[in-house]
Structure formats: C-alpha cells, structure tokens
Amino acid sequence: MSDRPSWPRQAFVAGEWRSAARTFPVRNPATGETLAEVADCGADEARRALESAVEVFPSWKNTPGAERSRIMRKWFDLMTAQAEPIAKTMTLEMGKPILESRGEAKYAASFVDYYAESARRIGGELLPAPAPFPHKRLLVRYEPVGPAYGITPWNFPAAMVTRKAAPALAAGCPFILKPAEQSPLTALLLAQLWEQAGGPKGVFQVLPALDPVPLSQVLITDPRIRKLTFTGSTDVGRLLYAQAAQTLKRVSLELGGNAPFLVFEDADIAKAAKEVAFSKFRNTGQTCICTNRVLVQEEVRPRFTEAFSDLTAALKVGDPMLEDTQIGPLVDQQGFAKVKAAVEDAVAKGAKVRVGGEARGGLFYAPTVLTDVRRGMKVLDEETFGPVAPVAAFRDEAEAIALANGTGYGLAGYLWTRDLGRAFRVSEALEYGLVGVNDGLPSAMAPHAPFGGMKDSGVGREGGPWGLDEYLEVKLVSLGLV
Ligand code: SIN
C-alpha cells in the first residue's frame, strides 16, 4: 500500500481541482479492491470546462509556438521523472502487467516530446503569384481548429491521452479530456503534471465520468468545440460521428479491429510463433492492434501450431504488479464475459481447445489457442479483445489476402515471410492502416509514424505530422501588392 502513488480525485476544470455532486469508484481488476472514489462529472462540469476552453483559446492560439513547446517540454520532463508512479497507476487501475506499463509510460511521454518539437515549427507557406495576377502573393497559414474534445480508452490510459492531447496542444487547441471510467487516475496524474509544468488554466482539462453521455452531449452539440477525437468501439464511434456531423466538427476515430496475422510457408517458424504470441497476448490481448486471427499456410500449420501453443502455455498469468507476469486480468466483468462467451461459442461450433480455454478466477482468463476454427465463430468474426488465439489455415497467397480482407475492419494486419516479393505484394493488398511485415508491433515507440485504420476501423490518423494536421485549419490569405 505504502508505495502507491497518491492520486488527485477531483476533476481538473479551468485550472482548478473541483469536486462533482457525485463520485464513482475506480477498481483494481486484479483484486476487486476500490482504489479511489473520483469526481463523476456531468453536464455542469462540461459547461464550465467548455467556457474555460473557449475563453483561453485566443491566448493559447497566439502564444508563440516556442512557448507552447517550452511548457510541453516541461510536461514531458515531469512525465519522465514520474514514469514509475504513472506505470503503477496504470497497472493498478486496469491490470496491465507492470513491465508493459513501464513501456507505456515512456511511449506516452514520447508523444509529448515529439509534438513539443512540432509546436515550434508550425508556420506557413508563401506561394508565387498566379500567372494573370503578378501583383498577388498567396500566403498559406496553418491555424488551430479550436477547442477539442477527446474521449480515451482504458487499454492505454496514458498513451492514448498524449497521442491525442499533445498534437492538439502543440497546434494551439485547448483540449478537454473524458478518460475511460475504468482508468481515470492516470489521466488525473497527467493533469497534475500539466499544472506543475505551468500549463495555463483551461488549456488541458480532465473530466472523469461514469456515464459519458450527459457530459459528451454538452460538448459535442456545442459548435464552439471544433474537433472530436475518440478511441473505442466502432458502434460508439458511429454514434459520435453522427452527432458531430450536426456541427460539422473535425473528427478522428480510432475504432475496433480484427487483425489477421498471416504466416507463410517460407517463414522462420520459431521467430514467427514468438512474434505472433507477442502481438496476440500483449496487454492480455486488449490492444486495438492485437492479432485477432492467426492464419497459417497449410504446409507449416502443424509445426507453427505446436511452437505457438508451447509459447502460449508457458505464459505466466498472475498479479500484474509482479515483473515476471505476462498475462494480467481482463479489465472488467464485461470484458471477461466477452472472452468467455467467444471461447464457448467456438467450442460449441466444433473448435478444439489446444491450450487454456478456462477461467482462472476473478477476471483472469488463461491464454488460449483454438484450432479447427471457421467463419461463423465469434473468435474469427469479431474482435475478442482478450488472450484467445484462433488458428486457421490458408492454401496460397490469394486465399490469405481474401481471408485477411474479409472483414469490415481495417486497423492492423500482419504477415511473416522471408520472400521480398511476397512482402510487397501482400502488404500492398492488405486493406489495413497499419501493416507489420515480420513485425508484430508496428506502433512501438513511434510517435512520428501514422496510426489509424481504414473501413470500420476509423477516420483520420494519429502520430507524426498526420496527427498534427488533424488539429490545424489551412487558411489562404491572398495578398495584393498595391
Ligand atoms: C491501441 O490499442 O489503440 C494502441 C495500440 C498501440 O499504440 O500500440
């Protein structure tokens, strides 16, 4: 208990820590213990945050980029100094194994580091005169879109906050955050560090809420919020997209996935099995880009399945605060029930359990390998978001591509091959926003790279210059030299 971080529990609104009329509990999914009661914000807090963001927008927009950069750099330094409390908080509130939480604390800070640099470099362009009008000069200015509203998920309680907030702040947009109800403590810690970094009032605000609807309604219907960014399910993303359309907000949505991992017959089986296991079981299978379907060329399927099953059976399930734990609990009862139901559905339809396939008490579920799977089973057709790997076969490249693309989702897809031509052909044919070739972790420590999906997996990109553009308007100033 004693080395637990001490968490702010109030909302961070207009530069002040404020209580709300109600609180809600944040629970440790590994033990069920209540960690803290935090402010449960609603429409009133949303209105206050909105007014504050609107009020501060002109001054934050006109703050020199170098000064925005300096504050963000200080925020980064504090996040780096506080990496261990941030990591522990994540593990405690959503069950991520501690080594992975330490990695995420660095990953989260890397977005602040990267966009602190961008803040200094947002400029414009000077275009030459159009031919018939030699007296004109065309100036292109990049301006912040305006106050932004972000809704972040529990599976990356720190990195999904900074991947959205850092480009917004760099661009000059005040940012209002509604963190996931399962993991508000990490977000509140980040707000505390922002305050310590000297971030101006109302520029970064954090409003925890058990029910996001009343708060979101205020922010999404108000035309002064100019940007909505959300990571979460496709169903909720569609609803938000429709709501945001009423005020024609800029929107970025990072939604569900159904990632295939294609293992071709020329693969180094030991290496491929290791990478698939890593991509499948990281964060206990709860990342949007985790492998959801393992598709293996028939010739090597038995060898691959054996190697992959051995690795899966050896994964250590347990207390996520222990450094040797590789699989923690599912985040909550809903997540646990989804995983259990997916395995039961597959088994009832004829799948065989090769490894695992059982609950391990509380919210823990054994890492699982299923064979004899086919379309029509939830484990192949839906995103399981848990430690379950269905292994199916394909005959040739054409079938592999057809199977991989045979889903509405398009976030991440993977393949393992040593054939360079195949690597190009297949990666070009996959309808996915991220493709890992012999790489199960394409997003790792890459704040400068684009992240986002096609089709039902979303709209827009985060990371790199693409993530910054999401918060910038492009303005033409046509200047006549008179
Ligand atoms: C996500 O699950 O959306 C984030 C995964 C990552 O950044 O690696």
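Me: Two strands pair if DSSP finds at least two bridges between them. Which residue in β19 is the bridge partner of Ala412?

Reply: This is a predicted model: local features need pLDDT of at least 70, side-chain atom pairs count only at pLDDT 80 or more, and totals for chains, interfaces and linings use all residues. Residues are numbered from 1 along each chain as its sequence is written, and side-chain values use heavy atoms, leaving out hydrogens and water. Strands (E, at least two residues) and helices (H or I, at least four) are DSSP runs numbered from the N terminus. β18 and β19 pair in the parallel sense over four bridges, and the partner of Ala412 in β19 is Leu434.

Me: Which strands are the edge strands of the open sheet?

Reply: Seven strands run in the order β14-β15-β16-β13-β12-β18-β19, with mixed pairing. An edge strand pairs on one side only, which leaves β14 (352–355) and β19 (434–437).

Me: What angle does the direction of helix α14 make with that of β18?

Reply: Helix α14 (420–429) packs on the sheet, in contact (heavy atoms within 4.5 Å) with β12 (259–263), β13 (291–297), β18 (412–416) and β19. Axes are lines fitted to C-alpha atoms, for helices over the stretch in contact, and angles run from 0 to 180 degrees between N-to-C directions. The angle between α14 and β18 is about 160°.

Me: Which residues form the uncovered face of β19?

Reply: In a regular strand the side chains alternate between the two faces of the sheet. In β19 the covered face holds Leu434 and Gly436. The uncovered face holds Val435 and Val437.

Me: How much of the ligand's area does the protein bury?

Reply: Residues around the ligand (a heavy atom within 4 Å) include Tyr107, Phe156 and Phe451. Ligand oxygen atoms have polar contacts (N or O pairs within 3.5 Å) with side-chain atoms of Asn155 at 3.3 Å and Arg282 at 3.0 Å, and with a backbone atom of Cys288 at 2.7 Å. Alone, the ligand exposes 260 Å² (Shrake-Rupley, 1.4 Å probe), and the protein buries 99%.

Me: Why does Met321 count as it does in accessibility?

Reply: Met321 lies in the loop between α10 (301–313) and α11 (333–348). Met321 touches Lys88, Thr91, Leu92 and Ile98, not counting residues up to four places away in sequence. Buried means under 20% relative accessible area, exposed over 50%, with the class between them partly exposed (1.4 Å probe, protein chains only). Because its relative accessibility is 30%, Met321 counts as partly exposed.

Terms used: A polar contact is a pair of N or O atoms within 3.5 Å; within protein, one must be able to donate a hydrogen and the other to accept it, and residues adjacent in sequence count only if both atoms are side-chain atoms.
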